[in-house]
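Open the model in your viewer and keep the selection panel at hand. The stops below say what to select and what is there.

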Amino acid sequence: MNEIVQKKELAPDIDEYVINAPLVASKCLPGQFVVLRLHEEGERIPITIADFDRDTGFLTLVIQEVGKTTMEMGTMKEGDVLSDVIGPLGRESRISKIGTMVAVGGGIGIPAVHPIARAFKEAGSAVISVLGARNKELLIWEERMRSFSDKISITTDDGSYGKKGFVTDALKELIDSGTKIDQVTAIGPAIMMKMVSEVTRPKGIKTVVSLNSLMLDATGMCGVCRVEVGGKTKFACVDGPEFDGHEVNFDILMSRLTMYLPEEKESVEAYKKKLSSGK
Ligand code: NAD
């Protein structure tokens with residue numbers, strides 16, 4: 001159990017892992033996440049489930065090397081075993097047959113929105129995908145999203161692929177074209193989810209976001225992942241991760257996300273030092 005059965009580099013510092021986790025794969029639903037621990041002394045990291053296969057018992061996770069633990073994960077190979085894959089955690093997405101669902105995925109948020117968008121399609125909704133990345137090289141899982149999307153729009157910040165601009169530009173264009181949208185689900189950096197919510201707010205379009213707050217125990221006990229939604233404190237791990245984007249206080253979320261940056265930087269430096277000394 002918890003063996004990495006397949007590992008594939010999608011882009012620089014972004015890897016796709018297929019992990020043998022049959023107990024999680026048998027129960028997980030779109031929108032849920034797992035907490036990984038690489039080894040007995042490892043920290044706990046929450047990762048959104050990008051795909052699952054109940055028959056094989058495999059989970060697919062896409063991980064970007066952004067901190068000490070994800071960098072350490074980057075050194076793991078096929079055949080290596082993770083100490084813990086805890087889950088499925090969080091509430092599942094509310095899926096139903098609606099007219100048109102727009103899935104907005106930014107960067108590493110694209111694999112996270114993938115199972116949700118696919119489930120809306122399977123429920124009989126039309127799905128329009130709006131995907132964005134900084135550049136062509138960082139645009140991941142386009143083909144997977146394309147495979148079930150009725151329509152797809154791609155943006156890159158630098159214009160190296162698709163239209164130049166942010167996902168919000170493509171979303172605005174879609175709304176301005178008169179397309180009737182029943183729900184937007186947006187996953188990506190907090191600033192993107194905030195701006196998507198601002199684009200849909202004046203039109204009253206239901207907007208669901210998946211919050212990537214800092215998280216520790218992920219079972220509702222420690223409160224590290226607290227977020228303000230509709231003026232009330234909620235825990236992203238058990239009340240979320242999905243919330244109404246029009247109710248989320250993104251400014252608090254973004255400020256809490258940077259709270260431990262000096263410590264995170266220190267931890268990365270110490271890890272790099274350890275690697276270079278070979279200990
Ligand atoms: P990124 O910075 O490369 O941005 C991706 C895209 O988001 C951009 O190409 C752009 O289209 C859009 N965007 C960025 N800033 C914007 C702005 N000001 N206005 C409008 N659109 C904007 O993203 P990344 O480096 O791949 O980071 C992805 C983020 O997604 C991480 O912060 C990660 O924590 C988060 N994430 C969240 C979940 C979840 O379940 N909540 C899952 C995976 C990743």
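**Stop 1: Lysine 194 and helix H6**

Select lysine 194, which is found in helix H6. This is a predicted model. With a relative accessible area of 21%, lysine 194 is partly exposed, because the buried class ends under 20%.

Which element gives the largest share of the shell around the ligand? H6 does, with 3 residues.

**Stop 2: The ligand and its shell**

Select the residues around the ligand; there are 21 of them, and Thr48, Arg134, Asp157, Ser210 and Asn212 come nearest. Colour the shell by class, and it divides into 11 nonpolar, 8 polar and 2 charged residues. Then colour by secondary structure: strand E9 (126-133), helix H5 (167-176) and helix H6 (190-200) each supply at least two residues of the shell.

- Arginine 134: a polar side-chain atom lies 2.7 Å from an oxygen atom of the ligand.
- Alanine 133: a polar backbone atom is 3.2 Å from an oxygen atom of the ligand.
- Serine 210: a polar backbone atom is 2.5 Å from a nitrogen atom of the ligand.

How much of the ligand does the protein cover? On its own the ligand has 860 Å² of accessible area, and the protein covers 79% of that.

**Stop 3: Helix H3**

Select residues 109-122, which form helix H3. Look along the helix for a kink of about 30°, centred on proline 115.

Is H3 mostly covered or mostly open? It is mostly covered, as 11 of its 14 residues are buried. Among the buried residues are Gly109, Ile110, Pro111, His114, Pro115 and Phe120. In an α-helix there are 3.6 residues a turn, so residues three or four places apart point the same way.

Step past the end of H3 to glycine 124, which follows the helix and has a positive phi, near 105°.

**Stop 4**

Select glutamine 32, in the loop between helix H1 (22-27) and strand E3 (33-37). Is glutamine 32 buried or exposed? Its relative accessible area is 7%, so glutamine 32 falls in the buried class, which takes values under 20%. Show the side chain, then two backbone atoms. The side chain of glutamine 32 reaches the backbone nitrogen of leucine 29 at 2.8 Å, and it also reaches the backbone oxygen of glycine 90 at 2.8 Å.

Move to threonine 156, in strand E10 (residues 151-156). Threonine 156 has 0% relative accessibility and counts as buried. A polar atom of its side chain lies 3.2 Å from the backbone nitrogen of glycine 159.

**Stop 5: Backbone exceptions**

Most residues other than glycine have a negative phi, and most peptide bonds are trans.

Start with positive phi. Aspartate 13 is not a glycine, yet its phi is positive, about 65°. Find aspartate 13 in the loop between strand E1 (3-11) and strand E2 (14-20); at 43% relative accessibility, it counts as partly exposed. Tryptophan 141, also not a glycine, has a positive phi of about 60°. Tryptophan 141 lies in the loop between E9 and helix H4 (142-146), and it is buried, with a relative accessible area of 7%.

Where are the cis peptide bonds to select? One runs from glycine 87 to proline 88, with omega near 0°; proline 88 lies in strand E7 (residues 84-89). Another joins glycine 240 and proline 241, with omega about 10°. Proline 241 sits in the loop between strand E15 (232-235) and strand E16 (242-244).

Methods
Residues are numbered from 1 along each chain as its sequence is written. This is a predicted model: local features need pLDDT of at least 70, side-chain atom pairs count only at pLDDT 80 or more; totals for chains, interfaces and linings use all residues. Side-chain values use heavy atoms; hydrogens and water are left out. Helices (H or I, at least four residues) and strands (E, at least two) are DSSP runs, numbered from the N terminus. The expected span of a helix is 1.5 Å times one less than its number of residues. The bend at a residue is the angle between axes fitted to the seven residues ending there and the seven starting there. Buried means under 20% relative accessible area, exposed over 50%, partly exposed in between (1.4 Å probe, protein chains only). A residue is near a molecule or strand if one of its heavy atoms lies within 4 Å of it. A polar contact is a pair of N or O atoms within 3.5 Å; within protein, one must be able to donate a hydrogen and the other to accept it, and residues adjacent in sequence count only if both atoms are side-chain atoms. Accessible areas come from the Shrake-Rupley method with a 1.4 Å probe; for residues, only the protein chains shown count as cover. Ala, Val, Leu, Ile, Met, Phe, Trp, Tyr, Cys and Pro count as nonpolar, Asp, Glu, Lys and Arg as charged, and the others, Gly among them, as polar.
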